[in-house]
Amino acid sequence: MLRRYEHHIHEPPTNPIWKYVFSYDHKIIGIQFLIYALFFLAVGGLLAMMIRWQLAWPASLPGPDGTILGSKPFPILGMMLWPNSGGIMPPDFYNIAVTMHGSIMVFFAISPLLAGAFGNFLIPLQIGARDMAFPFLNMLSFWTMVPAGILMIASFFVEGGAAQSGWTAYAPLSTVAAPGLGQSLWLLGIILAGVASIMGGTNYITTIILYRAPGMTMMRLPLTIWGLFFTAVLNVLYLPVVASGFMMLLLDRHLMTTFFTTGVYAAAEGFAPGGQVLLYQHIFWVFGHPEVYIVILPAWGMVSDLLSFFARKPAFGYRETVLAMGMICVLSTVVWGHHMFVSGMNPYLGRVFSMATFMVSIPSAILFLNWLGTLYKGSIRFTTPMLFSLSVIFVFGLGGLTGLFNGSQGLDLYLHDSYFVVGHFHFTMAASVFLGGLGAVYFWFPKMFGRMMNEPLGKVHWLLTTISVTIVFAGMMYVGAYGHMRRVADPAVYQFLHPMLKVNTMVSMAAFCAFFSQALFAANLIHGFFAGPPAGDNPWECTTLEWSLSSPPKPHNFDEIPTVHHGPFEYNNPEIDDKDWLGQWEPPIGGLPEAPEAGASDDAGEEGEE
Amino acid sequence: MHIFQLPPLHSEWGVGIDEVFWLSTYLTGIAFLAVCAILFGCCILYRERPGHRAAYFHGNSKLHLAMTGALSALVFLGLDYQLESRGRRVMEAYKQGFAAAEAGVRVQVRGQQFKWYFRYHGPDGKFGTPDDFVTTDFVVPVDVPVAVQIQAKDVIHSFYLPFQRIKQDAVPGITTTAWFQATMTSPGGIDANGEVHGESYEVGCAELCGSGHTNMRNPFYVVPMDQFRRWNERRHQEELEEEFFNMGEDEIDTDVFRNWGWPWEVRSQPLGGRAPRPAKAGEES
């Protein structure tokens, strides 16, 4: 058996630099990631508004009687950035917006929000540890994200602008067809972000395996931790792949290698022959597909927990949920070719990838069964975190099911690179993860900051956000089914798309509504931080270990590491009389066992190394 | 009100695509409605209220495991197997139709930033001979299978015919293939002089290829066979006279315009890309 480790209690630093800036405390690092993620969520969201603005009023927008109405100048920023065109976005900036929106959201907003902020904050607390296995590495992982983010922002200001080849950065568009510093800074920024995530992932895996409290078996972990665990495994396995691919792009860009360079560019520059364009796509998507599961797994875990906590009922099928998440992880490693059905890849490979892709629906269905089974015969409290968790079921249902359209090799001949795909992955990656992340913020804000956010305002925020994002991405699927291509700055160029232009405008209006609704969230955060009512230890009456501590917890978390006797889902156990829940830190219902429990960790209470 | 709307279908093979699309819509729609019904139903029936206590079960009894197994079987047989087998049949039909297309009309397509170019083989039926001609209008006869071989000059593009439901990436360094049979003529066609006139359909580019990606649209005419022949003759005649094509404001550099093409590669099936074999002595590239 693995031995158990436990950190000593030591005095926290007094110098504010070590206490708040280069903190080793996982809770502070988690909050740093939260602020970082919310900042980049705003940047990514602003870029999305710029995309939607252009799609609502494209350059060839027809007016009555065959006139061209054309684009409208983008408010405020338009005149600042493009005074020469009267504030109207040039087409190459549209490609910048598309690229940077995608990459900032994926690498700098939602992963730092879910895996970075909540992973860091929650893992030691929920497993009963005083900190992560490697606190110094933890501090480094945040501070590696900072130069990464600076590189991304800086890339906007170099000559030629930021990267414009899509978040997928297909070669040769991203190599020889993208001269200038922007694409290179983008590549470096994401490589650095990947390094930070690898550091974090290593920390999470080690901590979860070695630092659990006595009695906290793997099968008594909250599902949040399982989601974060699987995310960390996928991160550690696959980020090196994309980092290598991006290194190869950098080499092609700057050192005249020809990994992916072929065609006229290679011939013209006298490069050595032998490059393979498709090689890049394989390398990217071997990472790219697990990446989308990296993004969603923490949200799945949190939603699975929150549904149980607020239905006041054990999580239905805990073991099956863990197995399903694990199965999806394994399957996610063998389906990457479904992004490449029309790429020129061997069609027999396409058949294999298509079959494997359809198999993912089975563990996903089990997740749904267990979520709905948790609600069934529960006693549901419609708090803001619960409302967000319920809406994740809704949007992930829509998104996951439309994956079945795209997974068919035949149907993808038509749907590839259309807005149908964009709608599908936004429902699964953006809507589900964003709504899940918002629910997580509302839920753990009291523990992080010791104050409650405003419930009614949270509910209004929830309603506006859920309805508007559903309209946005359903509209995208609608125009995509009609054949609307992705990444076109001016869809009105195509006559056949003219029936869809009004739908685009409606989608944009809903997107603006979604964006501005987040002001309610920002206001709630700020007000809550400064003037929210004190939260107390356990405002939500929940069972995981963090709710046994003060809000916020002491720097060393636990004065004494608790011994765990049951899982975190003891809600409405008929043997409990006085309340409808039993915390994981509390003694079991029948009283403490006399002999050490079978299945508890061997070294309960042993002082380990730091 | 439709859940989805597909664009006009002008393709015989494409009927299969639309069928799989609608089958997917119905099956996933049923699944989604079931999820929503249970979700909303639970929220209404099991909301917290006085005197109502939640049940206590972990969902690991034999009944619950049986439910898990039954759901997995239902998803596998009712959703996955149906959609995958139907989709595979559409793919098989696509692969099988290719042989007939190769015997039909053949066109070489090259994408470059930011226009498509189409090479027709001229009267001798061979590509890479002096009687080839290159156009930016894609003209094909109606109700005849058309095979295209696709290359890209610089970056990845994607040859896209929405009404025929086909999309195939144009990848530098390899030659990809596709085929289709158009079943409806375009509003415009070929006039008595063999020139295109009137409203056309559109060829699109479906892979981000740079700042002009959104403008990479070429006219696509589907015309009766006699018009197609007339247009071929006119182009061939022009080629013999070595006239510059008037493409509008753009200046055409004939070297760039004409100096591409490859010997037609006989393929057994479409889709898979393959590097073009090097030109033999005496064979023009």
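These questions and answers cover surface, strands, cavities and backbone of a predicted model. Local features need pLDDT of at least 70, side-chain atom pairs count only at pLDDT 80 or more, and totals for chains, interfaces and linings use all residues. Residues are numbered from 1 along each chain as its sequence is written, chains are lettered from A and ligands numbered from 1 in the order in which they are written, and side-chain values use heavy atoms, with hydrogens and water left out.

Q: How is A:L140 classed: buried, partly exposed or exposed?
A: A:L140 is found in helix α5 of chain A. Helices (H or I, at least four residues) and strands (E, at least two) are DSSP runs, numbered from the N terminus. Buried means under 20% relative accessible area, exposed over 50%, and partly exposed in between (1.4 Å probe, protein chains only). At a relative accessible area of 31%, A:L140 is partly exposed.

Q: Which helices of chain A each supply at least two residues of the nonpolar patch?
A: The patch is made by A:I17, A:W18, A:F22, A:Y24, A:F136 and A:L140 and covers about 550 Å². Patch residues have over 30% relative accessible area and no salt bridge; like charges are joined within 9 Å, nonpolar side chains (Val, Leu, Ile, Met, Phe, Trp, Tyr) within 5 Å. A salt bridge is a side-chain nitrogen of Lys or Arg within 4 Å of a carboxyl oxygen of Asp or Glu, and accessible areas come from the Shrake-Rupley method with a 1.4 Å probe, with only the protein chains shown as cover for residues. The suppliers are α1 (16–21) and α5 (135–154).

Q: Why is strand β7 of chain B largely enclosed by the rest of the structure?
A: In a regular strand the side chains alternate between the two faces of the sheet. In β7(B), B:I166, B:Q168 and B:A170 are buried on one side, and B:K167 and B:D169 on the other. The strand (residues 166–170) is largely enclosed because its buried residues number five of the five.

Q: What is the bridge partner of B:Y160 in β7(B)?
A: Strand β6 (residues 157–161) of chain B pairs with β7(B) in the antiparallel sense over five bridges. Two strands pair if DSSP finds at least two bridges between them. They form a hairpin with four residues between them, and B:R165 in the turn has a positive phi of about 65°. The partner of B:Y160 is B:K167.

Q: Which residue stands opposite B:T177 in β8(B)?
A: Strand β8 (residues 176–181) of chain B has six of its six residues buried. Strand β5 (residues 145–152) of chain B pairs with β8(B) in the antiparallel sense over six bridges. Opposite B:T177 stands B:Q149.

Q: Which helix gives the most to the lining of the largest cavity?
A: A cavity is a set of points on a 1 Å grid over the protein atoms alone where a 1.4 Å probe fits but cannot get out; lining residues have an atom within 4 Å of a point. The largest cavity has a volume of about 170 Å³, the space filled by probe spheres set on points joined across faces, edges and corners. Its lining has 17 residues, and A:A115, A:G116, A:S197, A:Y204 and A:N235 lie nearest its centre. With six residues, the top contributor is α4(A).

Q: Is A:A169 buried or exposed?
A: A:A169 sits in the loop between α5 and α6 of chain A. Its phi is positive, about 50°, although it is not a glycine. At 0% relative accessibility, A:A169 is buried.

Technical notes. 1 Å grid on protein atoms, 1.4 Å probe; cavity = no way out; pocket = protein on both sides within 12 Å on 5 of 7 lines; lining within 4 Å.
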